[in-house]
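Student: Hi! I've just opened a new structure and would like a hand finding my way around. Could you walk me through it?

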Amino acid sequence: MVIDDIPEIKKDCGFSIIETAISLNYGFATLRGASQLVKECEKYPRAVFICRHDYPEREDEQDKNLVQFNCKSIMNIIMIAAEDGTRVQIKVEGEDDKSERLALRLYSALTCGDSVHLDFDRFERCLIRSD
């Protein structure tokens, strides 16, 4: 992996936000992957959300249909019903280094390809090697 693969982190209304498509072989169909995600988010003292577009009929309606799910609840994670390729936003409350780091760790997990063994550390390993 090269450093260029690191996504853009946007700042908006007190949140660090990454937009991506989920790249997990079974989406959020495994309880193990969902529980790993919840455990990671519970370490962070502020709000953490995954938002998905609720089946917009037209491209210009996507923002109107954004549904937000609390990442500290396993039921919420499962309710996302996100399959491989589903477009989502990762929203972490805060615009500091800690919120950016968690947003990047969640991005790493949601795009690692393996629904059972989420890889939160892909980018951290990449950054350490480049130093």
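Predicted model: local features only at pLDDT ≥ 70, side-chain atom pairs only at ≥ 80, totals over all residues.

Tutor: Happy to! Let's start with a term we'll need: a residue is buried under 20% relative accessible area, exposed over 50%, and partly exposed in between.

Student: Okay, and where is Ala81 found?

Tutor: Ala81 lies in the loop between helix H2 (74–79) and strand E5 (87–93). Its backbone is worth a look too: phi of Ala81 is near 50 degrees, a positive value in a residue other than glycine.

Student: Which other residue has a positive phi near 50 degrees?

Tutor: Cys13 has one, and Cys13 is not a glycine either. You'll find Cys13 in the loop between strand E1 (10–12) and E2.

Student: Is Cys13 buried or exposed?

Tutor: Exposed, because its relative accessibility is 70% and the cut-off for exposed is over 50%.

Student: Let's switch to rings. How many aromatic pairs does the structure hold?

Tutor: There is 1 aromatic pair. The partners are Phe15 and Phe49, with ring centres 6.2 Å apart and planes at 50 degrees, so the pair is tilted. This pair links distant parts of the chain: Phe15 belongs to strand E2 (residues 15–21) and Phe49 to strand E3 (residues 48–53), 34 residues apart.

Student: What sits over the ring of Phe15?

Tutor: That would be the charged end of Lys91, 4.7 Å from the centre of the Phe15 ring.

Student: Speaking of charges, how many salt bridges are there?

Tutor: The structure holds 6 salt bridges. One of them joins the side chains of Lys11 and Glu100, at 2.1 Å from N to O. Here too distant parts of the chain are linked, as Lys11 is in strand E1 and Glu100 in helix H3, 89 residues apart.

Student: Which residue does Arg46 form a salt bridge with?

Tutor: Arg46 pairs with Asp96, and their closest N and O atoms are 3.0 Å apart. Arg46 counts as partly exposed at 32% relative accessibility, and Asp96 is partly exposed at 29%.

Student: And what about Asp121, which residue is its partner?

Tutor: Asp121 forms a salt bridge with Arg105, where the closest N and O atoms are 2.4 Å apart. Asp121 sits in the loop between H3 and helix H4 (122–130), while Arg105 is in helix H3, 16 residues apart. At 31% relative accessibility, Asp121 counts as partly exposed, whereas Arg105 counts as buried at 11%. Both also belong to a network of salt bridges, together with Glu40 and Lys43.

Student: H3 keeps coming up. How many residues does helix H3 have?

Tutor: H3 covers residues 97–110, which makes 14 residues. From its first C-alpha to its last, H3 reaches 20 Å, close to the 20 Å expected at 1.5 Å a residue.

Student: Why is H3 described as largely enclosed?

Tutor: Because 10 of its 14 residues are buried, H3 is largely enclosed by the rest of the structure. Among the buried ones are Ser99, Leu102, Tyr107 and Leu110.

Student: Last topic, the surface. Which residues form a nonpolar patch there?

Tutor: Leu31, Ile74, Met75, Ile78 and Met79 do, with about 470 Å² of accessible area together. The largest share of that patch, 4 residues, comes from H2.

Student: Let's zoom in on Met75: where is it, and is it buried or exposed?

Tutor: Met75 is in helix H2. With 53% relative accessibility, Met75 counts as exposed.

Notes: Residues numbered from 1 in each chain as written. Heavy atoms only, no water. Phe/Tyr/Trp six-rings, centres within 6.5 Å; stacked < 30°, edge-to-face > 60°. Helix = DSSP H or I, 4+ residues; strand = E, 2+ residues; numbered from the N terminus. Lys NZ or Arg CZ within 6 Å of the ring centre and 35° of its normal. Buried < 20%, exposed > 50% of the residue type's maximum accessible area, 1.4 Å probe, protein only. Expected span 1.5 Å × (residues − 1). Patch = residues over 30% accessible without salt bridge, like charges linked within 9 Å, V, L, I, M, F, W, Y side chains within 5 Å. Areas by Shrake-Rupley, 256 points an atom, 1.4 Å probe, with all protein chains shown as cover. Salt bridge = Lys/Arg side-chain N within 4 Å of Asp/Glu carboxyl O.
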